[in-house]
Amino acid sequence: MSEVYQASEITQPASEAAATAPPDASSGSASVDNPGSYPDAAPGDDFAGYSDADIDAILAAEDQLPEPRTRQEAAADTWDGAPDDPADSELATGYDGDVAALLAEEQQLPEPRTRQEAAAATWDDTTPPGDDDPEAFSANPATEYDGDVAALLAAEEQLPEPRTRQEAAAATWDDTNSSQDDGLDMRTDGSSPSQPDTVTEPPARNNEGENGTPGPTEGQVDGHAQNGTDVPVTIEYLPPEARTVGDTTPTGIGRKPTGAEILDMEGDDRTESRLDRLFDEMVKEAGDVSDGSGAIGEAIVIDDRSAPGPSGHPQPYHATTRTVPDHPVPPDPGASDAISSMTIIGVAAAVALRHAVSALRKEHKA
Amino acid sequence: MTNTDVDSAVAVLRAFLTRDFSTYQSLREGLDASQQQAFAVVLAAAFTSAAARRFGEKPPAADVIEFVAEARASYPTAAGILSAEDAETVIRASTGDDDLIGALDGRRSGAAQTAMLFALTRENEAPAAAIDALLAEAATQAEDYFQRRAGR
């Protein structure tokens with residue numbers, strides 16, 4: 001490559017020699033032409049400002065320029081001075097020594113390997129020999145036994161047993177109150193600050209696995225609905241591992257209440273507050289309340305007395321509206337007989353009474 | 001406020017609910033100011049408990065309207081004094097609609113609660129024992145309320 005530039009540089013002085021002092025064509029100064037050679041007045045003469053000698057020099061310099069060559073030829077010239085210069089025949093076939101060197105370098109690279117194999121090799125560097133053999137990996141990493149994985153599992157075995165938040169809280173109580181009492185204070189008078197909340201004490205696990213794997217634990221307590229009925233409430237104790245993703249609540253502070261339990265907790269206060277408001281209103285106007293109660297009570301007494309039923313049921317509202325027939329309904333035969341008998345008896349009694357009075361008057365006169 | 005006042009209020013209400021009207025009228029007219037306060041609280045407590053058992057928390061409006069309509073039909077004289085709106089208001093105020101607490105004045109509220117309490121106990125022919133239990137619960141609530149009030 002440098003030779004190319006050198007060649008150009010070499011040829012340049014000749015050109016420069018002709019160009020460094022070019023005749024000023026614009027100045028109109030006449031050049032020195034060889035007679036009969038390159039007449040300046042000839043049509044199409046673009047070198048009117050040059051003398052014939054200059055033109056000859058230019059042409060001579062052009063003859064000395066190297067032949068045009070391709071990039072490959074220039075590269076081959078460059079290789080000429082290098083010790084690993086390939087033969088010209090190789091250049092003709094497109095052989096490139098660098099490519100061969102790259103390929104040779106590639107041949108020396110280690111064989112391609114999977115990520116698992118690379119990881120195994122890394123483990124080899126950090127673990128004692130013999131514990132791990134990356135060459136023993138098969139195509140299925142999932143089936144591979146790895147001594148380091150076994151070591152991790154063994155370390156996990158040495159971890160403390162998973163415990164519930166309640167257990168952690170109880171342990172915390174133990175640690176902070178060991179100087180005051182040796183164990184859990186189960187007194188129920190609430191006088192000891194170290195008394196754990198026996199309500200939140202988790203029940204014994206009933207489904208713990210053989211390998212100590214904790215499972216969900218359920219307990220039941222009796223709850224009370226607002227109407228006073230007993231409602232069984234199921235409490236589920238879950239190990240910390242069973243928490244949902246994103247649950248960052250620290251363990252050891254007790255079970256989180258459910259929404260229903262929160263409502264229950266607030267419900268007592270809300271109901272009490274509502275009743276107090278209602279009672280306050282009633283007390284403020286107790287006299288009017290009593291008067292209103294008395295007034296409506298008298299009306300109810302009237303309704304109750306006006307419609308006494310055989311069983312004490314108040315008379316239905318629609319029973320008070322009776323339809324009146326256009327024509328009186330004739331009394332039934334039994335009723336008319338009774339009326340007739342009563343009339344006859346009455347008349348007879350009146351007659352007898354009149355006779356008796358007459359007899360008494362006569363005796364009195366006599 | 002003493003427990004005796006609460007007991008007197010309970011006696012008045014028991015006479016009324018068991019339809020011993022002559023006793024009811026005489027006892028009610030004999031209440032002094034303190035006993036009237038106890039009577040107002042016992043009445044509200046008994047009515048609230050009975051309404052909560054009958055309707056539950058925040059019942060549908062249709063349930064309340066239907067009950068009030070039937071009660072007013074059963075007691076036409078009382079219906080002439082007590083409006084359906086007042087009766088529905090006290091029921092809804094006692095079953096969770098807190099905004100209606102204090103919506104009625106004392107006289108209308110007392111009349112409505114008394115009439116609806118009577119209708120609630122008569123609806124299923126509540127026996128005397130059930131009425132006694134209801135009044136005992138109301139008396140307890142009233143005593144607790146007066147104790148809290150004394151501590152304020």
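A residue counts as buried if 20 or more other C-beta atoms lie within 10 Å of its own, as exposed if 12 or fewer do, and as partly exposed in between, with C-beta atoms placed from the backbone.

I noted first that this is a predicted model, in which local features need pLDDT of at least 70, side-chain atom pairs count only at pLDDT 80 or more, and totals for chains, interfaces and linings use all residues. Residues are numbered from 1 along each chain as its sequence is written, while chains are lettered from A and ligands numbered from 1 in the order in which they are written.

**Chain A, burial and fold**

I looked up burial: 8% of the 366 residues of chain A count as buried. I then listed the secondary structure of chain A and found eleven helices and two strands (DSSP runs, H or I of at least four residues for helices and E of at least two for strands, numbered from the N terminus). Along the sequence I read the order α-α-α-α-α-α-α-α-β-β-α-α-α for chain A. I took contacts as residue pairs whose C-beta atoms, placed from the backbone, lie within 7 Å. Of the contacts in chain A with a separation of 6 or more, 36% join residues 24 or more positions apart.

**Chain A, confidence**

I checked pLDDT, the predictor's confidence in each residue from 0 to 100. Chain A averages 64, and 40% of its residues score at least 70. I marked residues 1-31 of chain A, where pLDDT stays under 50 and the model has 28 contacts beyond four places in sequence. I also marked residues 132-139 of chain A, again with pLDDT under 50, and with 17 such contacts.

**Chain B against chain A**

I counted 43 residues from chain B and 34 residues from chain A in the contact. On the chain B side, α2 (21-29), α3 (33-55), α4 (61-74), α5 (76-81), α7 (106-123) and α8 each supply at least two residues. That side of chain B divides into 22 nonpolar, eleven polar and ten charged residues (nonpolar: Ala, Val, Leu, Ile, Met, Phe, Trp, Tyr, Cys and Pro; charged: Asp, Glu, Lys and Arg; polar: the others, Gly among them).

**A helix pair in chain B**

I looked at α1 (residues 3-17) and α8 (residues 128-151) of chain B, which pack at about 150° with axes 10 Å apart (axes are lines fitted to C-alpha atoms, for helices over the stretch in contact, and angles run from 0 to 180 degrees between N-to-C directions). The contact includes B:Val6 and B:Leu13 of α1(B) and B:Leu135 and B:Ala139 of α8(B).

Methods:
Contact = placed C-beta atoms within 7 Å.
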